[in-house]
Amino acid sequence: MSFVRFAWSWLTSAQQWHGPDSIPVRVAQHLGYAGLSLLVAAAIAVPLGILIGHTGRGRFFVLNLANVWRAIPTLGLLILMVVLLGFSALTWLIPLVVLAIPPILVNAFEGVAGVDPELKDAALGMGMTRWQMLRKVEVPLATPLIVLGLRTAAIFVVATATIAAEIALGGLGRYILDGLAANDYAEVAGGATVIVVLALAVQVIFVVLRRLIVPAGLRAQSRSSR
Amino acid sequence: MVAGRLRPARRPEGLPDVVWSWIPQNWTQIWQYTLDNALLGLLPPLIGLAISVPLGVASVRWRLLYPPLLSLTSAIYAIPSLAVFVVLIDYTGLGNLTVIIALTLFSLCVLLPNVVDGLRGVSEPVRQAATAMGYSEVRRLVQVELPIAIPVVMAGLRIAVVSSISLASVGQLIGVSSLGYFFLDGFQRDFPTEIYAAIVLVLVLALLSDLVLIVVGRILTPWQRGQRHARARRPDELAGELA
């Protein structure tokens, strides 16, 4: 159980909690990278996914995108960006956004495209305009999948931000790579522990987000059907 | 390419972004790392499948087992691969085994829900018919329920294989050889050709494996031909149920 011992001794030493390389600073950096790229990706992919789901145009493109994006090697993409563009904010933001878009887009698309046609007929029959139907029927029904897409993207972005330490970005991956380079396993173990805690905390945030965003009727329904 | 104009000054001027001659010159090395990457990408999903089938059967039979297993796998799935690698280093060292175990865990997270869904998707009349024909429970499982679950399981296996092949390259950060070698080497030498080549090879490897699995899936399920394909449950969809 030396991992636990190493991690504990590293985490409990005071120097980890003060100064420019301290855990709070690194956590803030990590959440900053992940949060910013997730926001940009969501701003692009949620409306686009809803639009494609509503109109049905571009369906083929979205479904294939879903298959290809898992194959993209994130480490390679990050390093390629540095080698081509040099190091700047865009170097990490572009790959993180590009990698976060597909899961959000695909889920938003599937959420809207999967709305029961009878419900849409009913909405139109009640005299709703197409815009009202989109806003009051299709999008609310798609929220469980939209939140799911955001959650997958968040997992991906947190993981990629960890690897991004390789291209000299801050964040929690630094501890692992610096520790490996210096043969300091305590730092590696401590850093990995913080990352695991952060990743799980992000999951909890999404469980809460789901509670807040998904309409109560849908939540009750999914509970009774299981 | 747009990137060419933004190229940093430190690279010698006039050197094109892609040096084609690099590929034949380093062929044996490229081939070796591609094989390593293929092994690291393909072995874990297969081990994961071997574990998740009995685990899935058990989860369907003993219902109480499944919710905690599902919570555990979806939690593991959220942890960055690099962190999982280094947690394992202490137990398995800086070797292939570390990456294989980590990727097996991730594959399991994808496969288990698909096995369970596939088995639960077997309709009650079909099970009753098998029982009425005198099938024992074990024979019904092997000859009726598991084959019916194949499309859903295969869809999960495709996701697991493609992800593993791509994630295997991250193992290079802890020194386990894969196509990720060219990422790090190309970075150190500021030589984009290597990086392009390795990205393309990872994509080709992943999509080729995906294609093979599609074909295998069709061969295994001749009765499915001409029907719509089963959609895999993505691991991310688990969150909804847990919430």
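Q: How are H5(B) and H6(B) oriented to each other: roughly parallel, roughly perpendicular, roughly antiparallel or oblique?
A: H5(B) and H6(B) are oblique to each other, because angles under 35 degrees count as roughly parallel, over 145 as roughly antiparallel, 65 to 115 as roughly perpendicular and the rest as oblique. This is a predicted model, in which local features need pLDDT of at least 70, side-chain atom pairs count only at pLDDT 80 or more, and totals for chains, interfaces and linings use all residues. Residues are numbered from 1 along each chain as its sequence is written, with chains lettered from A and ligands numbered from 1 in the order in which they are written.

Q: At what angle do the two helices of chain B pack?
A: The angle between helix H5 (residues 81–92) and helix H6 (residues 96–120) of chain B is about 130°, and their axes are 9 Å apart. Axes are lines fitted to C-alpha atoms over the stretch in contact, and angles run from 0 to 180 degrees between N-to-C directions. Helices are DSSP runs (H or I, at least four residues), numbered from the N terminus.

Q: Which residues make that contact?
A: Among them are Val84(B), Phe85(B) and Leu88(B) of H5(B), and Ile101(B), Ala102(B) and Leu105(B) of H6(B). Two residues are in contact if their C-beta atoms, placed from the backbone, lie within 7 Å.

Q: Turning to the chains, how many residues of A touch B?
A: Chain A has 44 residues in contact with 42 residues of chain B. H9(A) provides the largest share of that side of chain A, 11 residues.

Q: And what does Ala108(A) contact?
A: Beyond its neighbours within four places in sequence, Ala108(A) contacts residues including Ala45(A), Gly49(A), Ala142(A) and Ile146(A).
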